[in-house]
Amino acid sequence: MSGFFDTKIEFLKGMGPQKAALFNKELNIFTFGELIQHYPFRYEDRTKFFKIKDLHEDLEHVQIIARIRSVETIGDGRKKRLVAHIFDETGEMELTWFKGIQWVIKKLVPGAVFVFFGKPAKYGRKFSIAHPEMDVLTAAQEERSFFQPVYPTTEKLRARFLDSKGISRIMEGLIASAYPQIQETMPENVLQRFNLIPKKEALRQIHFPENPEILKRARYRLKFEEFFYVQLRLLKLKLTRTEKSAGQILNQTELLTKFYKEHLPFELTEAQKRVVRESFGDMKSGKQMNRLIQGDVGSGKTMVAFICILIAISSGAQACLMAPTEILANQHYEGLKEYADLMGLNIALLTGSVKKSARKVIHETLLSGNLHILIGTHALLEDIVQFKNLGLAIVDEQHRFGVAQRAKLWAKNERFIPHVLVMTATPIPRTLAMTLYGDLDISVIDEMPLGRKPIQTVHRYDKDRLKVFGFMRKQIELGRQVYLVYPLIEESETLDLKNLMDGYESICRAFPEYPISIVHGNMKSTDKDFEMQRFVKGETKIMVATTVIEVGVNVPNASVMVVENAERFGLSQLHQLRGRVGRGADQSYCILMSKYELSKDSRVRLDTMVRTNNGFEIADVDLKLRGPGDLMGTQQSGVADLLIADLSKDAPILTLARDAAQELLQSDPDLSQPENALVLRQIRAQKKHEINWSRIS
Ligand code: ADP
Ligand code: MG
């Protein structure tokens with residue numbers, strides 16, 4: 001099969017080298033195999049013809065047979081347009097063109113009959129269609145009923161007559177010659193059990209469906225297959241890992257027991273206990289741990305991490321914790337140092353701003369084994385950072401790290417790959433987690449420490465600012481502190497900074513009696529830390545900042561989070577920001593400020609924030625609004641590879657496909673049985689194109 005589908009598209013009838021080059025460049029399509037997977041994203045119903053009198057404004061696209069009465073051009077220069085008056089036996093309407101007038105005018109001969117197709121809109125009392133598609137009416141056409149595929153295309157392709165219709169013509173040729181060559185890619189028993197139609201049929205019907213039912217089945221079959229192979233690969237990877245990657249046995253709990261008895265500052269939540277148990281189970285198993293801990297902001301992931309660190313050290317290994325920003329690394333260091341000191345353990349912080357001499361000490365003590373715990377940023381990944389025996393590597397807020405960077409952690413222990421714990425406060429919807437981290441074990445901290453009051457969230461418009469200031473003042477008078485956050489868009493740093501500075505000045509004017517901190521990305525990190533520390537110590541009452549405070553910062557006394565231009569933030573960002581408050585015993589508040597005019601999506605985002613504190617619910621809405629690629633950063637997600645399945649809508653298919661993949665692997669772990677030969681072949685064929693899945697964790 002591969003031979004034919006590897007053929008370059010320029011050899012396709014009606015294509016030629018120039019058009020092929022455009023396909024390469026614009027759509028990244030090079031081969032027959034890639035082209036045939038360029039699926040329509042919707043279909044137009046060409047089975048139905050409308051009469052002019054039956055038109056109404058809610059119709060998406062309509063097809064009408066009508067005769068030309070007259071044609072005129074109106075206006076000139078850039079405003080010039082062509083209007084054709086057409087009629088059928090029930091009424092009259094207009095067609096308009098703003099472009100391509102010279103070309104179309106030749107065809108619009110009064111008296112001629114065409115099939116017109118497009119979206120009707122009402123102007124005054126008459127309907128009109130702008131830039132309709134038109135076809136000569138032939139007897140064949142009147143009889144032929146079909147769904148017309150609508151293909152993704154681009155401006156440049158369109159300029160070369162490769163609009164949806166042009167692509168469709170090429171596709172017709174491709175399907176005709178490819179059809180006899182298409183081989184089945186799913187195992188027979190899976191096809192039967194899940195009632196899937198053959199690949200051949202699916203590919204033909206997805207492009208040129210005969211009716212809605214068969215189209216539905218074609219889509220289902222192709223989505224199922226897509227999920228099936230993603231899951232199969234992930235599960236296979238996991239299998240290989242658990243078989244092949246021996247893990248250092250970390251099973252001692254001496255320090256842990258001591259810590260529990262003497263220093264644990266609070267009772268762990270049931271969820272924390274469960275996740276500790278799950279992680280400990282991995283660490284002592286003799287197999288390498290690859291575990292993702294998901295827990296909402298404030299759910300207490302750090303304590304779980306520290307407990308695992310204690311197990312590692314009890315067992316004679318070292319541990320490291322990597323954070324995405326210097327501020328966050330600092331805070332982890334400060335927090336954990338307190339416990340480490342109590343336990344008599346050595347801990348150090350390694351970031352870009354650590355001085356050379358101090359670095360040298362860190363490098364040496366790491367290698368000698370004297371240093372038990374290393375906290376840091378990317379600086380941890382440098383080759384010069386060598387451990388005596390790294391047993392546990394923890395990565396906080398994992399989604400901010402590049403995939404390749406994480407892989408570097410693995411190389412820090414030559415004898416055993418270190419156990420890996422990945423912690424994320426960005427709740428990932430189940431479907432996405434299954435696809436992205438299908439090869440990781442997942443633990444969820446789905447419970448907040450006792451006594452937390454849910455944060456109250458409100459949405460206010462800019463005109464309410466004085467009232468908001470009044471509220472802030474009352475809270476400060478009660479002894480609380482307030483965050484005020486401004487958005488940061490990278491394209492326009494200067495503008496952002498100006499916004500922030502203007503905001504800062506107006507806050508200083510409004511609150512002359514209180515000391516105020518300001519932190520933003522353009523500051524030196526020592527200055528940043530200085531300001532941050534003032535706020536942490538309670539010396540300043542208001543912290544004006546950009547999103548640098550988004551992750552990690554922990555000031556339990558801060559009870560109000562005001563987000564300026566909240567409409568410009570993404571949902572997960574808003575949720576992260578809100579998580580900065582509500583860390584103490586006091587009632588906390590989140591105030592989302594926005595302008596009055598909002599886009600539909602912005603409004604959904606703000607409403608969602610007001611409605612719920614549940615990170616998973618928020619993540620689900622986010623997934624629906626933004627799509628999965630965006631959510632994770634496409635390059636590292638690998639989800640962008642999904643051609644037809646949609647993670648936000650096709651969860652039920654994913655679940656079935658995963659089960660099917662699991663069962664297949666259970667009965668034939670290395671896919672060596674003859675009936676699974678095609679599965680193996682398929683996996684190998686796909687491997688050529690894809691990112692390295694083994695590097696995901
Ligand atoms: P996150 O999961 O966002 O990293 P942290 O680990 O920073 O959350 O914990 C948030 C706060 O809750 C910290 O001040 C921490 O000391 C506290 N905390 C953690 N676990 C508990 C618990 N079981 N009971 C009470 N407070 C807790
Ligand atoms: Mg944290």
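Me: Hi! Where does glycine 298 meet ligand 1?
Reply: A polar backbone atom of glycine 298 is 2.6 Å from an oxygen atom of ligand 1. That is a polar contact, meaning a pair of N or O atoms within 3.5 Å. Keep in mind that this is a predicted model, where local features need pLDDT of at least 70, side-chain atom pairs count only at pLDDT 80 or more, and totals for chains, interfaces and linings use all residues. Residues are numbered from 1 along each chain as its sequence is written, chains are lettered from A and ligands numbered from 1 in the order in which they are written, and side-chain values use heavy atoms, with hydrogens and water left out.

Me: OK! What does arginine 452 do at ligand 1?
Reply: One of the polar side-chain atoms of arginine 452 lies 2.6 Å from an oxygen atom of ligand 1.

Me: And how much of ligand 1 does the protein cover?
Reply: On its own, ligand 1 has 560 Å² of accessible area, and the protein covers 80% of that. Accessible areas come from the Shrake-Rupley method with a 1.4 Å probe.

Me: How many residues surround ligand 1?
Reply: There are 16, and the closest are Gln272, Gly298, Lys301, Thr302 and Arg452. Being near here means having a heavy atom within 4 Å.

Me: New topic: sheets. What is the order of the open sheet of 7 strands?
Reply: The order is β6-β7-β4-β3-β2-β5-β8, and the pairing is mixed. Strands are DSSP runs (E, at least two residues), numbered from the N terminus, and two strands pair if DSSP finds at least two bridges between them.

Me: Why is one side of β6 and of β8 left without a neighbour in the sheet?
Reply: β6 (120-123) and β8 (133-136) stand at the edges and each has a single partner strand, so one side of each has no neighbour in the sheet.

Me: What about the sheet of 6 strands, which order is that?
Reply: That open sheet goes β17-β22-β21-β18-β20-β19, with parallel pairing. Its edge strands are β17 (456-461) and β19 (516-519), each pairing on one side only.

Me: Last one: are the residues of β12 buried or exposed?
Reply: Ile347, Ala348, Leu349 and Leu350 are all buried, that is, under 20% relative accessible area (1.4 Å probe, protein chains only). Ile347 and Leu349 point one way from the strand, while Ala348 and Leu350 point the other way.

Me: Which strand does β12 run parallel to?
Reply: β12 runs parallel to β13 (residues 373-376), joined by 4 bridges. In β13, isoleucine 373 is the bridge partner of isoleucine 347.

Terms used
A polar contact is a pair of N or O atoms within 3.5 Å; within protein, one must be able to donate a hydrogen and the other to accept it, and residues adjacent in sequence count only if both atoms are side-chain atoms. Buried means under 20% relative accessible area, exposed over 50%, partly exposed in between (1.4 Å probe, protein chains only).
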